[in-house]
Amino acid sequence: MTLMTIIEELKMKSCQFSVELRDADQIIATLRDQRSDEYLNASTRLCYTEKWLQARAESLELECNIKREPLPRTDHEQRVHDELLKAYSLQIAEREKSLEYWHSRYAVDTATINRRLKEKADQFRCVSARRAELQKLYDLHEGEMRAWLTFKKERAARLLREKRLRDSATRIQAWWRGVMVRRALGAFRHLRNAKKLPTKGKKK
C-alpha cells in the first residue's frame, strides 16, 4: 500500500509539473511579446521626439532669420483710411437705395394683396348669396321633385303591371283559341264536319 501511494503521488506531481511547465511556457511567450511591444513603443516615441526636436529647431532658425518689415508711413495710413471711408460710404448709399426700393415694393405689394383680398371677398359673398338662393329654390321644389319621383315609380309599376296583365291575357286567349280549334267550338264548329284523315288500323 505504501508503494502504490508513493507511485500515485509521483504521478500526480509529474502531472502538476507538466501543467506548471506549460503555464511557464505561456508566461514566457507573453513576456516576450510584451518586451517586443515595449521596445517598439520606445523606438516610436524616440523617433517622434527626434523629429519634433528637428522641426522645432528649424522653426526657431526661421524665426531668427526673418527680417521685419519697416513700419508703414503716416501718409500711407491716411490714404488707406480715406479709401476705406469711400468704400463704406458707397456701401451705405447702396443699402439706403435698396431700403427705399424695398419700402416702395412693400407698399405696392401690400396694396395689391389688399385689392386681391377684397376681390376674393366680394366673389365669396356673391357665391354665398347664389348658393343661398339655390338652396331656397331647391327647398321650394323639393316637394315637386319628390312628387315627380313618386309618380315615376308608380308609373313604372303600373306599366309593369299592365304588361303582365297583357301577357297573361294573351296566353289565356291563345290557350282558349287552341281549345276551341281542337274541340271545334264557337266559330270553329265547321271543323266538325271536316273529313278526318284515315288512320292506320292495328296489325293483327
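## Salt bridges and ring pairs

The side chains of Arg158 and Glu162 meet in a salt bridge, with 3.4 Å from N to O, where a salt bridge is a side-chain nitrogen of Lys or Arg within 4 Å of a carboxyl oxygen of Asp or Glu. The model is predicted, so local features need pLDDT of at least 70 and side-chain atom pairs count only at pLDDT 80 or more, while totals for chains, interfaces and linings use all residues. Residues are numbered from 1 along each chain as its sequence is written, and side-chain values use heavy atoms, leaving out hydrogens and water.

Side chains of opposite charge can pair when their charged atoms come close. The count of salt bridges comes to seven, and the table gives some of them.

| Salt bridge | Closest N and O atoms |
|---|---|
| Arg105 and Asp109 | 3.3 Å |
| Asp122 and Arg125 | 2.1 Å |

Arg105 and Asp109 both lie in helix 2 (residues 74-183), four residues apart, about one turn of the helix; helices (H or I, at least four residues) are DSSP runs, numbered from the N terminus. Asp122 is partly exposed at a relative accessible area of 29%, whereas Arg125 counts as exposed at 52%, given that buried means under 20%, exposed over 50% and partly exposed in between (1.4 Å probe, protein chains only).

Rings of Phe, Tyr and Trp (its six-membered ring) pair if their centres lie within 6.5 Å, and planes under 30 degrees apart count as stacked, over 60 as edge-to-face and the rest as tilted. By this rule there are three aromatic pairs. The ring centres of Tyr101 and Trp102 are 5.2 Å apart with planes at 70°, so this pair is edge-to-face.

How values were computed: Helix = DSSP H or I, 4+ residues; strand = E, 2+ residues; numbered from the N terminus.
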